[in-house]
Amino acid sequence: MGIIFNKPLIGVVMCQIDKGGHPTQMVHNKYLDAVALAGGVPLGLPHNLMSQPELLENAMAALDGILLTGSPSNIEPWHYGEEGSESYADPGRDQLAFALITQAIARQMPIMAICRGLQELVVATGGSLYRQLHLQPGFQQHREDETLSLDEQYADAHQVWIEPDGLLAGLMNGSQSIWVNSLHQQGIRRLGPQLRIEARAADGLIEAVSLQHHPFAFAVQWHPEWHCDASAQSRLLFDGFIHACNRYQKETRL
């Protein structure tokens with residue numbers, strides 16, 4: 001008998017919250033649903049994987065891909081050379097996400113990163129962020145209006161223009177621009193040398209990046225997981241990610 005390959009196992013980073021006085025780790029269903037819809041098996045990754053070196057190693061050995069989700073929290077600014085603090089930080093997520101990125105790059109394991117996840121990939125590879133994008137001159141409004149319903153907050157907000165001959169252009173079948181939602185307070189200030197620009201907004205803000213010399217390490221500033229089942233554009237992104245995870249599984253399990 002030949003080798004039987006299972007659906008790829010996707011590690012999904014979790015966030016720390018307080019639930020009635022109980023420290024709790026969680027991930028929104030929308031990310032898990034999007035992975036499952038594309039044919040992957042989502043598995044939440046808790047912060048205590050960092051408590052012992054072998055825990056993270058054991059987890060990475062079983063995984064076929066990493067999904068870095070969005071979050072209400074922001075990366076602590078000292079990670080990219082700025083002073084001060086964040087009103088809502090999640091240092092355990094910072095630590096785990098950076099370790100996952102390092103491990104996935106070393107293993108050439110596929111990565112898909114969304115919103116905070118994009119910012120984690122940028123910072124982990126030597127880049128920096130605007131901490132309050134709306135205070136920077138020349139940028140349009142990228143934050144959501146929290147007085148609106150969730151469907152209104154996650155509605156298409158602006159176009160992004162896709163760089164030719166990149167990973168995103170391939171996933172979008174050569175489209176030059178697409179409409180995306182916009183729910184982020186921070187944004188990319190500067191990229192490290194390992195990242196390639198995949199798309200920009202009309203105001204010049206970088207909205208998508210990929211890691212050079214890697215089979216599939218891709219990040220977007222918008223939220224394709226929202227109602228992914230109703231968006232052909234979003235499904236193309238997740239389908240591309242899971243296809244890369246399937247390929248990784250076959251290459252590493254032989």
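Met109 lies in the loop between H3 and E6; helices (H or I, at least four residues) and strands (E, at least two) are DSSP runs, numbered from the N terminus. The model is a predicted one, in which local features need pLDDT of at least 70, side-chain atom pairs count only at pLDDT 80 or more, and totals for chains, interfaces and linings use all residues. Residues are numbered from 1 along each chain as its sequence is written, and side-chain values use heavy atoms, with hydrogens and water left out.

Because its relative accessibility is 0%, Met109 counts as buried; buried means under 20% relative accessible area, exposed over 50%, and partly exposed in between, with a 1.4 Å probe and protein chains only. What surrounds Met109, leaving aside its neighbours within four places in sequence? Met109 is in contact (heavy atoms within 4.5 Å) with Met60, Leu63, Asp64, Gly65, Ile66, Ala104, His214, Phe216 and Tyr248. Met60 and Met109 are 49 residues apart in sequence, and their C-alpha atoms are 9.2 Å apart in space.

Two packed helices are described by the angle between their axes and the distance between the axes. Helix H2, residues 53-62, packs with H3 at an angle of about 50°, and the axes are 11 Å apart. Here axes are lines fitted to C-alpha atoms, for helices over the stretch in contact, and angles run from 0 to 180 degrees between N-to-C directions. H2 and H3 are therefore oblique to each other: angles under 35 degrees count as roughly parallel, over 145 as roughly antiparallel, 65 to 115 as roughly perpendicular, and the rest as oblique. The crossing of H2 and H3 is right-handed, that is, the near helix is turned clockwise from the far one by less than a right angle. From H2, the contact is made by Leu56, Glu57, Met60 and Ala61, and from H3 by Leu96, Ala99, Leu100, Gln103, Ala104 and Arg107. By class, the residues of this contact divide into seven nonpolar, one polar and two charged. In that count Ala, Val, Leu, Ile, Met, Phe, Trp, Tyr, Cys and Pro are nonpolar, Asp, Glu, Lys and Arg are charged, and the others, Gly among them, are polar.

I turn next to H3 and H4. The axes of H3 (residues 91-107) and H4 (residues 116-124) come within 10 Å and cross at roughly 65°. That makes H3 roughly perpendicular to H4. H3 passes H4 in a right-handed crossing. On the H3 side, Arg93, Asp94, Ala97, Phe98 and Ile101 meet Arg116, Gly117, Glu120, Leu121, Val123 and Ala124 of H4. The residues of the contact of H3 with H4 divide into six nonpolar, one polar and four charged.

Not counting residues up to four places away in sequence, Asp94 touches Asn74, Ile75, Glu76, His79 and Arg116.

Arg116 belongs to H4, where eight of the nine residues are buried, so that the helix is mostly covered. The buried residues of H4 are Arg116, Gly117, Leu118, Gln119, Glu120, Leu121, Val122 and Val123. After H4 comes Gly126, with a positive phi near 95°.

The sheet is my last topic. Nine strands form an open sheet with mixed pairing, in the order E4-E1-E5-E6-E13-E12-E11-E8-E9; two strands pair if DSSP finds at least two bridges between them. At the edges are E4 (41-45) and E9 (177-180), each pairing on one side only. Direction ignored, neighbouring strands of this sheet are turned by 25° against each other on average.

Beginning with E1 (residues 9-13), five bridges join this strand to E4, and the two run parallel. Val13 has Leu45 as its bridge partner in E4. Three bridges join E8 (residues 158-162) to E11, and these strands run antiparallel, with Trp161 opposite Arg200 in E11. E11 and E12 are also antiparallel, joined by five bridges, and Arg196 stands opposite Ser210 in E12. E11 and E12 form a hairpin with four residues between them, and Gly204 in the turn has a positive phi of about 95°.

How do the helices lie on these strands? H3 lies across E1, E4, E5 (65-68), E6 (111-114) and E12 (206-211), running at about 145° to E5. H4 lies across E5, E6, E11 (195-201), E12 and E13 (217-220), running at about 120° to E6.
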